[in-house]
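Hi everyone, thanks for coming. Have a look at the picture before I start talking, and then we'll walk through a few spots together.

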Amino acid sequence: MLPDIPIQYDAFISYARADGDDSASRLENALRPAFKTWRDTRGIDPAKDFTAEIEMAIRASKFVVTCITPDTARADSFVRREIQWALTINKPVIVARFDAATPPPIHVVNNTWVEFHKDWDTALTHLTGILRKEPDDYDRPALPPETADPFRPYVQAVYEYIVRFLDQAVIRLIDLTSEATTDAVHTPPAPVPARRGMMDQFFTAQGLPSPDSAGETAPTEEITTFTKFADAFEHYSGRVLLLGAPGAGKTITLFSHARETITRRLADPSAPLPLLGLVATWNAREQTPLADWLAAGYEDLPREEVARIIDVGRALLLLDGLDELGSEQEEERENPETG
């Protein structure tokens, strides 16, 4: 669990930059004479924010006021990430609606609604009345039954760990640019049509044209540059090996992406379950089963359930330290007597 930090703000104002800036700015200006607020005005792309500044500001606030505008309905809205983090650390979330047609995300649908789209002055009076209370006096509603997830305690625990890591590890924003290097790993062969036999598959596995494919042109992979790791992850259907020199930010990139996948799982229990693993801790000698290894150390992560999730293809493996595994194996071969 994260250590307690002093409360510095009365309200954290969550909003969608695409269409909520004017409403959030107006709300902040209206609250500021009586309340201390925090609103992200840093002018950076949230998708490139590797820091935990947002999460730490929410932790330092009494209440989270979520401005609901049409853009917050997007499944990948960063407002949803802020809501999930607030719920994870048990912060009261107040729904401020600025659009009559857009309902709040399902996880806060039972929370207090302040209807700014109906009457601004009445809504502001309602909100200021709430903010003058202590958070413990706010009645936190139970999550709707349809959001139930047996893995939620585990996912929330990992979220807290990642925030703690990013808060300590990231001292500045990282300007990440990555380039596809498709020859860095062996690409699985494309599915072989049924008409082709075993010998044809040997040709295909080695990247050679099979005898009966004369005239066919093998597809070539165009080198692609990505400014966001998530874009590369989607482009390659979730199968990515991130390469870089020591200190280049690979682990931070992985953890930042894990934060987004965890938010997705918290918002949608049907989303893939993120499973973090440090490759160097896998016991290559004992050949520890994957589920046993990934579940180790998490009391909220039963090994049998992890095995089932992996077997049915509902796991998202986020593994770090592949280069360290290679070093350990080489050392063991050179020093077979050491344990």
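Okay, let's start with phenylalanine 255: at 9% relative accessibility it counts as buried. Buried means under 20% relative accessible area, exposed means over 50%, and partly exposed is in between, with a 1.4 Å probe and protein chains only. Before I go on, a word on the source: this is a predicted model, where local features need pLDDT of at least 70 and side-chain atom pairs count only at pLDDT 80 or more, while totals for chains, interfaces and linings use all residues. Residues are numbered from 1 along each chain as its sequence is written, and side-chain values use heavy atoms, with hydrogens and water left out.

So who does that ring pair up with? Helices (H or I, at least four residues) and strands (E, at least two) are DSSP runs, by the way, numbered from the N terminus. Both phenylalanine 12 and tryptophan 38 are buried.

Now back to our opening residue. Tyrosine 161 and phenylalanine 255 make a tilted pair, 6.2 Å centre to centre and 55° between the planes. Tyrosine 161 sits in helix 5 and phenylalanine 255 in helix 8, so the pair ties together parts 94 residues apart in sequence. Tyrosine 161, at 43% relative accessibility, counts as partly exposed.

Let's stay with helix 8. How many of its 18 residues are buried? The answer is 14, so to speak mostly covered. What about its length? At 1.5 Å a residue, the 18 residues of helix 8 should span 26 Å, and its end C-alpha atoms are 26 Å apart, which agrees. The expected span here is 1.5 Å times one less than the number of residues.

A salt bridge is a side-chain nitrogen of Lys or Arg within 4 Å of a carboxyl oxygen of Asp or Glu. The count by this rule comes to 19. In one of them, glutamate 55 meets arginine 259 at 3.2 Å, N to O. Glutamate 55 lies in helix 2 (residues 53-59) and arginine 259 in helix 8, so parts 204 residues apart in sequence are tied together. Glutamate 55 is buried at 1% relative accessible area, and arginine 259 counts as buried at 0%.

Another bridge links aspartate 149 to arginine 265, with the closest N and O atoms 2.9 Å apart. Both aspartate 149 and arginine 265 are buried.

Last stop: glutamine 156. Is glutamine 156 buried or exposed? With 18% relative accessibility, glutamine 156 counts as buried. Leaving aside neighbours within four places in sequence, glutamine 156 is in contact (heavy atoms within 4.5 Å) with Leu87, Thr88 and Leu266. Thanks, everyone!

Conventions
Rings of Phe, Tyr and Trp (its six-membered ring) pair if their centres lie within 6.5 Å; planes under 30 degrees apart count as stacked, over 60 as edge-to-face and the rest as tilted.
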